[in-house]
Amino acid sequence: MPTASRDIIVSNSLGLHARPAMQFVDTANQFRSKVTVSKGGDEPYQADGKSVMQMIILAATEGTSLKIHAVGEDAEIAVEKLAKLFEDKFGEE
Amino acid sequence: MKLKEFIVSEAIVPQITATDRNSALRELATALANAGALPLAAVDEVVDALIKREQNGSTGFGKGVAVPHVKHPKVKRIAGTIGRSAAGIDFAALDHQPVFTIFLLLSPENQPQQHLQAMNIVFSNLQKNIFRRFLRQSSTREAIVDLLDEADQRP
C-alpha cells in the first residue's frame with residue numbers, strides 16, 4: 001500500500017481550532033487513504049485525520065510541528081492537499 | 001489544564017429547559033452571567049456570537065455532544081459550563097443526531113493558546129465513552145461536579 005507523509009508547522013495565529021480542524025477533516029474525507037496527524041514534543045498524540053474530535057485534541061498552537069501521514073492508493077495527493085491547507089493558513093492570518 | 005479551572009460549577013445546568021439550540025445557548029450564557037463569570041450586560045452579544053458561530057459550522061461534533069464556543073472581547077476570563085437535555089436538542093450535528101450534553105466555552109479574544117488547551121481537555125474527555133455516558137446520566141449539579149473532579153484526577 002502506498003504511503004506518504006509531510007512535516008508541517010502550524011502558522012496561523014489562532015492555531016488549529018475547531019474551524020480549521022473541520023476543514024482538515026472535510027478535505028481528508030475526500031480521499032480513501034487513512035490519514036493520521038501526529039504531534040511530538042512533551043505531549044505526543046496521534047489523531048485520526050478524519051475525526052474532528054481527535055484533531056481538536058491535538059491542541060496545535062501556532063508554531064507546533066505536526067506530521068501528516070497517509071496510507072492508501074491516493075496517499076500522495078491526499079498529503080499534498082492537506083499540507084496545502086496549512087501552507088494557506090486555512091484562509092486565516 | 002483541568003476542567004475545573006474553567007468550568008464554573010455554579011453555572012452548570014443539569015436540566016436545560018430550552019428545547020431549541022438558540023434558547024439553550026442563551027440559557028447557558030445566562031447561567032454563566034448569574035454565576036458572575038460574564039457581565040449580565042454582555043449576554044446578548046455573546047449569545048449572538050455563539051449563534052453566528054453555529055451557523056458557520058455546527059459544533060455538534062457527534063456522539064450526542066456539542067461544544068459551542070466563542071472568543072469574545074466582552075469575555076475577560078475563560079469560562080465554561082455544561083448543560084444537559086434529557087429530551088435532546090437539534091444542533092444540526094455532524095452525525096444528524098440530537099445533542100444531550102452541551103459544553104459551552106467562552107474565551108477572551110487574545111488568548112488562543114489557552115482556548116486550544118481548554119478545547120483539548122474538553123474533547124479528550126468527550127472522546128471517552130464512559131465519560132459521555134456518565135455525564136448523560138448525571139442528573140444533578142453535584143453529580144456532574146463529582147464527575148469533573150474524577151476526570152481531572154485521571155488524565
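Author: Start with strand β3 of chain B, residues 79-89. This strand is mostly covered, with eight of its 11 residues buried. Keep in mind that the model is predicted.

Reader: What should I take "buried" to be here?

Author: Count neighbours. A residue is buried if 20 or more other C-beta atoms lie within 10 Å of its own. In β3(B), eight of the 11 residues pass that test.

Reader: Which strand does β3(B) join, and do the two run parallel or antiparallel?

Author: Look for bridges between the strands. β3(B) is joined by seven bridges to strand β4 of chain B, residues 99-107. The two run antiparallel.

Reader: How many residues of β4(B) are buried?

Author: Nine of nine. β4(B) is mostly covered.

Reader: What other strands of chain B are joined to β4(B), and in which direction do they run?

Author: Strand β1, residues 65-66, is joined to β4(B) by two bridges, and this pair runs parallel. Strand β2, residues 69-71, has three bridges to β4(B), again parallel.

Reader: Now the whole chain. In what order do the elements of chain B run?

Author: Count first, then trace. Chain B has five helices and four strands. From the N terminus, the order is α-α-β-β-β-β-α-α-α.

Reader: How do I judge whether chain B is compact?

Author: Compare its radius of gyration with that of a compact globule. For 155 residues, that would be near 15 Å; chain B has 14 Å, which agrees. For overall extent, the C-alpha atoms fill a box of roughly 35 × 30 × 25 Å along the principal axes.

Reader: And burial and contacts across chain B?

Author: Of its 155 residues, 43% count as buried. For contacts, look at sequence separation. Take those between residues at least 6 apart in chain B: 69% of them join residues at least 24 apart.

Reader: Apply the steps to chain A. How many helices and strands are there?

Author: Chain A has three helices and four strands. The pattern along the sequence is β-α-β-β-α-β-α. Its radius of gyration is 12 Å, close to the 12 Å from the globule rule for 93 residues, so chain A is as compact as a globular protein of that length.

Reader: What about extent, burial and contacts in chain A?

Author: The C-alpha trace spans about 35 × 30 × 20 Å along its principal axes. Buried residues are 41% of the 93. Among contacts in chain A with a separation of 6 or more, 75% come from residues 24 or more positions apart.

Reader: Last, the interface. How is its size usually given?

Author: Often as the accessible area lost when the parts come together. In chain B, 14 residues are in contact with 13 residues of chain A. The side of chain B that touches chain A has six nonpolar, eight polar and no charged residues.

Notes:
Residues numbered from 1 in each chain as written. Chains lettered and ligands numbered in written order. Predicted model: local features only at pLDDT ≥ 70, side-chain atom pairs only at ≥ 80, totals over all residues. Contact = placed C-beta atoms within 7 Å. Nonpolar A, V, L, I, M, F, W, Y, C, P; charged D, E, K, R; others polar. Rg over C-alpha atoms; globule rule 2.2 N^0.38 Å. Buried ≥ 20, exposed ≤ 12 C-beta atoms within 10 Å, placed from the backbone. Pairing = 2+ DSSP bridges.
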